[in-house]
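Dear colleague,

Please read them alongside the coordinates.

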Amino acid sequence: MENAFAPGFSTLERAALGRQAADSAVEDDDWIPRTEQATINGIIDGTIQGYYYLVTGEKGTGKTSMILKAMSRINGEGIAMLEAHSNLEIFRIRLGKALDYEFHEDYIGGLFSFKGPRDTTPLLDIERAFNQMEKIALKRQEQVGRPLVLIINGTHFLRDDDDGRHLLELLQQRAELWATSKLVTVVLNSDEHWTTERLQRHATRLQVIPVRDIEKHIAVESVKKFRSKAFHEDVSSQVLDQVYSKIGGRLRFLSQVAKSPDMLKTCNTICEKERQWLLDQCWILGKDMDPGAEDHQDICASAMIMAKALIAKEKAMAEDRSRDGRLPQIPLHEARELVTNAEFLKALDHINIVTIDSHSMVQADSVAMQNAFRAICSRPGFDEHLQETLDRLDELESLARTRELTVKDLWGNKGFRAVVENNKGENKNITVTIRGFSSEAKGD
């Protein structure tokens, strides 16, 4: 296992570094300065100790890129990195590969029906691997006085079920212990809010590092310098303002636009992709909705309700002269009140329609998505179509609570007597009597 923390990179780390190089706008990827980079450098090289960290932010804000850059500065010495996975067996295998730890998959006792070291659960295997890593960390602490660093990228890929929560609990317990003793610094990377909520519930030494979109003045100036260097082009302030109004400060979008010969055309393409993604995932079906679509349409209607609320918030902010260009936000508790179910917001966060930051504020996932909200909410007849969808959902919910009772073969004076009870089994003062009747005409 000591080899896993020696200078150099494992195959998983090399793959991640290769992906970063392929995605970089320029070779050194330094054309947009990041204020968070110095903090992450200190965490990765071990100068900042005594805590464990959750790096949060929307997809494409540069979280992983900054971590990989910090790893490259010290040639991966004292660092192990792996990608999270929802399947615990796959997570166990990736952890073993990152730590160079063997889990005895080929134990020969299995041929004779003996219970061997591998006859257990993935969580127990992960616990054993951490026990071994702890011994390496103690030795390193004595030799160099710095902790090991364990980076788990994509923590949001863990499922929010019993298996995922048990694994996250195990990781947090170890991270708390290691942070206190300064043996190992655990760095978790997540795109979704549920991991933040889950970890903060029992956290004492957790530090959340939010990585957000780049501020306007930094983004505009960086794009201007890059275009001058790469294309020998002096971009006007008007064009740069248009670019920022369309895609904002999302690093992933800025990299695409900065490399493009026609920046505004690329911006429009990005906005159209975001609009189409919103329609594909969350368009509402109106009054003719099939009953089988009710569960999915609950989420879709929630997306449109949030879109309307954020557009209304944006209009109110436009009247404020002190506005600093940030996207409109709604507190999480108010957003849950609007959509009536916390799970709906979690689903929208999962598919990158809205995002929930570390301060429990809800906003559009990006400036491009806010533009998509604006375009869809301004469609003719949108409000009526949304109301028809909500009415249809109410109707389907009411039908789901309604039971139809059919009574046959009631003739003459035969019948049934039904007594209505409440949920406590107490009789109410309502009695329904069902009696048959004869369809034959009475004689004169």
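Axes here are lines fitted to C-alpha atoms, for helices over the stretch in contact, and angles run from 0 to 180 degrees between N-to-C directions; helices (H or I, at least four residues) and strands (E, at least two) are DSSP runs, numbered from the N terminus. This is a predicted model, in which local features need pLDDT of at least 70 and side-chain atom pairs count only at pLDDT 80 or more, while totals for chains, interfaces and linings use all residues. Residues are numbered from 1 along each chain as its sequence is written, and side-chain values use heavy atoms, with hydrogens and water left out.

Helix α4 (residues 88-99) packs against helix α5 (residues 122-143) at an angle of about 20°, their axes lying 9 Å apart. That makes the two helices α4 and α5 roughly parallel (angles under 35 degrees count as such). In contact (heavy atoms within 4.5 Å) are L88, E89, F91, R92, L95 and L99 of α4 with P122, L123, D125, I126, A129, F130 and M133 of α5.

Strand β4 (residues 184-190) has 7 of its 7 residues buried, so it is largely enclosed by the rest of the structure (buried means under 20% relative accessible area, with a 1.4 Å probe and protein chains only). On one side lie V184, V186, L188 and S190, and on the other T185, V187 and N189. Strand β4 pairs (at least two DSSP bridges) in the parallel sense with β1 (residues 52-56) over 4 bridges, where Y53 has V187 as its bridge partner. With β3 (residues 148-153) β4 also pairs in the parallel sense, over 5 bridges, and there L150 is partnered by V186.

Best regards

Note on methods. Parallel < 35°, antiparallel > 145°, perpendicular 65-115°, else oblique. Buried < 20%, exposed > 50% of the residue type's maximum accessible area, 1.4 Å probe, protein only.
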